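Subject: Structure handover

Hello,

Please find the structure below, followed by notes on what was found in it.

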Amino acid sequence: MMRSRRCQAIATTALVAAASLAPPAHAVITTVTDTGSSYGLTLRVGSPGATIDTVAFSVTGANAGLTPTAVTGAPTIDVWVMPVRPIANTTVARPVTLRVDSSIALTCQSGGCGATTIPFSKISWVATNNSNAASGDIQGGRFTAAANQSIASYDANATFCVGVLGLPCVLGIGTWTYLSRNVTATRLQFSYDNDVVYPGGNYKGTVRFTASME
């Protein structure tokens, strides 16, 4: 009897908005394996190690007036999702999904904005260093302010061996095929819509990235 396994890795990205508007992102890398260490899943959002990346949107000058324009945040954030699968005698793939939780809005921290909040749906991104949508890589998009938004999904393939007449290999004799699918160093450039005039102040919120392999 086969026992199903589910690997999950979670990274938190905090976004802060400042007096004119500034969201930051905090990067975490997490690797989770099952009890047999056969399967693994690594998720990294932003810089390696304990570094905290801050994506800042500064809404000042003319952009804070009656004719505001969208504001691009800096720096960009890189995202990795890397599954590990054991050698197998089957090509059956395991679904990998990257989701974000942006359900809790950015809230006023200081500066006189009171109880005002800014929904994460006001923040979008452009993805680069990525493959096309059919490959399952992250594409350009925006936060939906939902708790379970999928932004990438693909099948993690296994390394497998095919023997004589298409049968499984015996004693490792046959033709080996090495397959690997992952989201590698996809770069996200965030942008704040700036289409609503909110009270001036510093706003902060957190987005959680979760990768899972079923």
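pLDDT is the predictor's confidence in each residue, on a scale from 0 to 100. The protein has an average pLDDT of 77, and 74% of the residues score at least 70. Residues 1-5 have a pLDDT below 50, and this stretch makes 6 contacts in the model beyond near neighbours in sequence; a contact means heavy atoms within 4.5 Å. Residues 16-36 are also below 50, with 99 contacts in the model beyond near neighbours in sequence. Where pLDDT is low, the predicted coordinates should not be read in detail.

This is a predicted model, in which local features need pLDDT of at least 70 and side-chain atom pairs count only at pLDDT 80 or more, while totals for chains, interfaces and linings use all residues. Residues are numbered from 1 along each chain as its sequence is written, and side-chain values use heavy atoms, with hydrogens and water left out.

Overall picture

The protein has 0 helices and 15 strands. These are DSSP runs numbered from the N terminus (helices: H or I, at least four residues; strands: E, at least two). Of the contacts with a separation of 6 or more, 72% join residues 24 or more positions apart. The accessible surface is about 10600 Å², and carbon and sulfur atoms hold 57% of it; areas come from the Shrake-Rupley method with a 1.4 Å probe, and for residues only the protein chains shown count as cover. Of the 214 residues, 41% are buried. Buried means under 20% relative accessible area, exposed over 50%, and partly exposed in between (1.4 Å probe, protein chains only).

The core

A nonpolar core is a set of buried Ala, Val, Leu, Ile, Met, Phe, Trp, Tyr and Cys residues joined through side-chain atoms within 4.5 Å. The largest one has 37 residues, and Val 81, Leu 98, Ile 138 and Phe 190 touch the most other members. Strands that each supply at least two residues of this core include S3 (40-45), S5 (77-84) and S14 (183-192). S15 gives the most, with 5 residues.

Phe 143 lies in the loop between S10 (141-142) and S11. Is Phe 143 buried or exposed? Phe 143 counts as buried because its relative accessibility is 2%. Leaving out residues up to four places away in sequence, Phe 143 touches Phe 120, Trp 125, Phe 190 and Val 207, among others.

Loops and surface

Val 164 sits in the loop between S12 (160-162) and S13 (175-177), and counts as exposed because its relative accessibility is 68%. Together with Leu 165 and Leu 167, Val 164 makes a nonpolar surface patch of about 380 Å². Patches are made of residues with over 30% relative accessible area and no salt bridge, with like charges joined within 9 Å and nonpolar side chains (Val, Leu, Ile, Met, Phe, Trp, Tyr) within 5 Å. A salt bridge is a side-chain nitrogen of Lys or Arg within 4 Å of a carboxyl oxygen of Asp or Glu.

Gly 174 is in the loop between S12 and S13 and is partly exposed, at 41%. Gly 174 and Cys 161 are 13 residues apart in sequence, with 6.1 Å between their C-alpha atoms.

Backbone

The peptide bond from Ala 74 to Pro 75 is cis, with omega near 0°. Asn 194, in the loop between S14 and S15, has a positive phi near 55° and is buried, at 5% relative accessibility.

Regards
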